[in-house]
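Here are my notes on the model you sent over.

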Amino acid sequence: MNTFGFLLGLTTLIIIGLGFVWVIRGERYFGLLWWPYIMGLGLLLIVGSLFLQNDWASALLGATGASLVWGSTEFKEQSIRAELGWFPFNRKKVQPPFADIIKKWKAPHL
Amino acid sequence: MEINFVGITAALAAFLGIWLGHVSVRVIERNAKILWPPILIAIILGMAFEAFSLATSNRLLSAATGILGITILWDALEFIRQENRVKKGHAPANPSNPRHARILAEHPYATTLDLLNRDPIGQQVSTEDAVQLITDY
């Protein structure tokens, strides 16, 4: 019996579960304009996973990268939920570098 | 140096599993007259993926099916969570679905409006403004 995939599935569940937390908190304190940086970091982690020889390290880095890429597409809806009062709204968000340029881009949503 | 494809396999499985689950749960919950059949199918399908993951010696297949199986099992729970979102008005109810029609009659916050179907404006909105924003979008 090969438990690698099963255990990886359980670990990925925790990674995805933590995604709920950092998307909600991240949007609250930093705002949706950070999405390109989160997506970029996620993609870097996935590329980085190609160069790790250890299967667990590669898999965890890849799953974490995927969670970051997915989470970056969830920022837009989360910001609307906060505007609606479904989650606490924070006026004083920490703006990212090049916020004025990122504002002109359409935030991704899947 | 050898390229290790386990990570990118895990990444693709996780991303596709989350994305397909996200879309399927919303569409199925919106249209299903009763919820227990899709929940049961998700549980059986998820467990089948996990069983395959345990049985295969191929580490890439094991990783992919292990992750996909878990996301499908989570989707079984998400059907119930999605129905609760509809009851709270956090997801639009489908008036042509008798189950959702009952929800609309019994839950005062349930709505057919998709209050998330717009771009963010950067400030808090009242319920009236929220409706106006999606109407204008």
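**Pockets and interface**

1. Let's start with the lining of the largest pocket: its residues split into 17 nonpolar, 13 polar and 14 charged. Keep in mind that this is a predicted model. The pocket itself holds about 1,200 Å³ of space. It is lined by 44 residues, and the closest to its centre are A:Phe20, A:Glu74, A:Arg81, B:His22 and B:Arg85.

2. Both chains build that lining: α1 (4-29) and α3 (55-84) of chain A, along with α1 and α3 of chain B, each supply at least two residues. The biggest giver is α3(B), with 11 residues.

3. The second largest pocket has about 490 Å³ of space. Among its 24 lining residues, A:Leu32, A:Leu33, B:Pro120, B:Ile121 and B:Gly122 sit closest to the centre. Here the largest share comes from α3(A), with 3 residues. By type, the lining has 10 nonpolar, 6 polar and 8 charged residues.

4. Now the interface. Chain B puts 46 residues into the contact and chain A puts in 42. About 3,800 Å² is buried between the two chains, with 68% of that from carbon and sulfur atoms. On the chain B side, B:Asn4, B:Leu54 and B:Leu116 lose the most area to chain A, together 17% of what that side buries.

5. What about salt bridges and polar contacts? There are 4 salt bridges between chain B and chain A. One pairs the side chains of A:Glu83 and B:Arg118, at 2.8 Å from N to O. Across the interface, 18 residue pairs are in polar contact. Of the side of chain B that touches chain A, α1(B) supplies the largest share, 11 residues.

Definitions and conventions: Residues numbered from 1 in each chain as written. Chains lettered and ligands numbered in written order. Predicted model: local features only at pLDDT ≥ 70, side-chain atom pairs only at ≥ 80, totals over all residues. Heavy atoms only, no water. Contact = heavy atoms within 4.5 Å. Buried area = accessible area lost by both parts, 1.4 Å probe. Polar contact = N/O pair within 3.5 Å; in protein donor to acceptor, adjacent residues only side chain to side chain. Helix = DSSP H or I, 4+ residues; strand = E, 2+ residues; numbered from the N terminus. 1 Å grid on protein atoms, 1.4 Å probe; cavity = no way out; pocket = protein on both sides within 12 Å on 5 of 7 lines; lining within 4 Å. Points joined across faces, edges and corners; volume = space filled by probe spheres on them. Nonpolar A, V, L, I, M, F, W, Y, C, P; charged D, E, K, R; others polar.
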